[in-house]
Amino acid sequence: SYAQLFAARAAVGIGESCYGSVSPSFVAEHFPKERRGRVLALFSMAVPVGSALGYILGGVLGHSFGWRTAFFVAGIPGLVLSALALTLVDPRKPPSVPASPASGERGSSAQATTIWAEYRKLAANRSWLFCTLGMAAMTFGMGAMAVWMPTFYHRTWNLDVGRAGTLFGAVTVLAGLVGSLAGGWLADKRLPRDPAAYFTVSGLGLLAAVPFAVWAVTTPRLPAAVAGPFIAETCAFLNMGPLNAVIVAVTPERVRSTAFAANIFFIHLLGDAVSPTLVGMVSDAAGLRAGVLLAVGALAAAGALCLWGTRSFAADEAAVEIGYA
């Protein structure tokens, strides 16, 4: 039933959000600073590649074996992998929050107060703020393109919907692989000369994506309309590892999972939760090309925010190293 599908989708979202807030910090803390860009890029690569593969396999399996098959193919391996996660050992021990004898507060109340205090500190952390806003803008643009580019191919080039989805999915898989790995490597390589290299590589990559994305939706030739998104997404995906490394660098270990959780919440709230609808509204009013160009503009904004973040990164990283205030 619809209610069952809704509940299943909500449960997947809860699991993904919990996993996404804890795992980047867990992974990063097992590697030295000079390798974090590459490690987190490899880890983050799973998002665009897995999403695109899901679109491709979901369509193929649904067409050949029925739509329910896709749920089993995705769900059963997930259960196996979640069981393997139980074998991981986390050396960290979260600090306990004792009750305050003077105030009579219970531990849970004091802990809630502490959590909100940490959220306020995050909001004052300029590097975390610019990183989160930049990722939200990038998610806005990429989320809208993921939803609407197959439709754009269908309407502009008369490709059937299945072929258009498979084509764009294949482009995204390849771009996610190349861009994510290249971004992590470039940022780590540049780090000795540029302390804010994680921001710099991300910002320049997002800005470089803009002209190719515009080319993709304005060209009169289909090959260029395919090559443009590949180059644009490759450039945009350069940030996948570096921006996660920014969060690791500018937040202390005890609140790092909280920082990732807040980051994930806001990038989806301001990003792909609203962008497909907004692009659809623009499409209804001015055409799909105009709607897609709105998404491209968000990539430009993301690049500018990342470059703006370079100005505060050194101070915020130093604050973590000397003690988070």
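**Figure 1. Contact between helices α3 and α7.** In this predicted model, Pro48, Val49, Ala52, Leu53 and Ile56 of α3 meet Thr166, Gly169, Ala170, Thr172, Val173, Gly176, Leu177 and Ser180 of α7, where contact means heavy atoms within 4.5 Å. Helices are DSSP runs (H or I, at least four residues), numbered from the N terminus. By class, this contact of α3 with α7 has eight nonpolar, five polar and no charged residues. Ala, Val, Leu, Ile, Met, Phe, Trp, Tyr, Cys and Pro count as nonpolar, Asp, Glu, Lys and Arg as charged, and the others, Gly among them, as polar. The axes of α3 (residues 46-65) and α7 come within 8 Å and cross at roughly 165°. The two helices are therefore roughly antiparallel, a term for angles over 145 degrees. Axes are lines fitted to C-alpha atoms over the stretch in contact, and angles run from 0 to 180 degrees between N-to-C directions. The crossing of α3 and α7 is left-handed, that is, the near helix is turned anticlockwise from the far one by less than a right angle, whereas clockwise is right-handed. Residues are numbered from 1 along each chain as its sequence is written. Local features need pLDDT of at least 70, side-chain atom pairs count only at pLDDT 80 or more, totals for chains, interfaces and linings use all residues, and side-chain values use heavy atoms, with hydrogens and water left out.

Figure 2. Ser180 lies in helix α7 (residues 161-190). Ser180 counts as buried because its relative accessibility is 0%; buried means under 20% relative accessible area (1.4 Å probe, protein chains only). Not counting residues up to four places away in sequence, Ser180 touches Ala41, Met45, Pro48, Ala175, Phe237 and Met240.

**Figure 3. Contact between helices α3 and α4.** Helix α4 (residues 67-85) packs against α3 at an angle of about 130°, with the axes 6 Å apart. The crossing of α3 and α4 is right-handed. Gly58, Leu61, Gly62 and Phe65 of α3 make the contact with Trp67, Thr69, Ala70 and Val73 of α4. These residues divide into five nonpolar, three polar and no charged.

**Figure 4. The nonpolar cores.** A nonpolar core is a set of buried Ala, Val, Leu, Ile, Met, Phe, Trp, Tyr and Cys residues joined through side-chain atoms within 4.5 Å. The largest has 63 residues, and Met149, Tyr153, Phe199, Val246 and Phe313 have the most contacts inside it. Helices α6 (126-157), α7, α8, α9 (222-236), α10 (240-250), α11 (256-269) and α13 each supply at least two residues of this core, with α6 giving the most, 14 residues. Met149 touches Ala144, Phe168, Val217, Pro229 and Val292, not counting residues up to four places away in sequence. A second, separate core of five residues includes Val49, Ala52, Ile56 and Val173.

Figure 5. The axes of α8 (residues 197-218) and α13 (residues 288-322) come within 8 Å and cross at roughly 165°. Helix α8 is therefore roughly antiparallel to α13. Their crossing is left-handed, and by class the contact has 19 nonpolar, seven polar and one charged residues. Ala216 is found in α8 and, at 4% relative accessibility, counts as buried. Leaving aside neighbours within four places in sequence, Ala216 is in contact with Phe152, Ala224, Ala225, Gly228 and Pro229.

Notes:
Parallel < 35°, antiparallel > 145°, perpendicular 65-115°, else oblique. Buried < 20%, exposed > 50% of the residue type's maximum accessible area, 1.4 Å probe, protein only.
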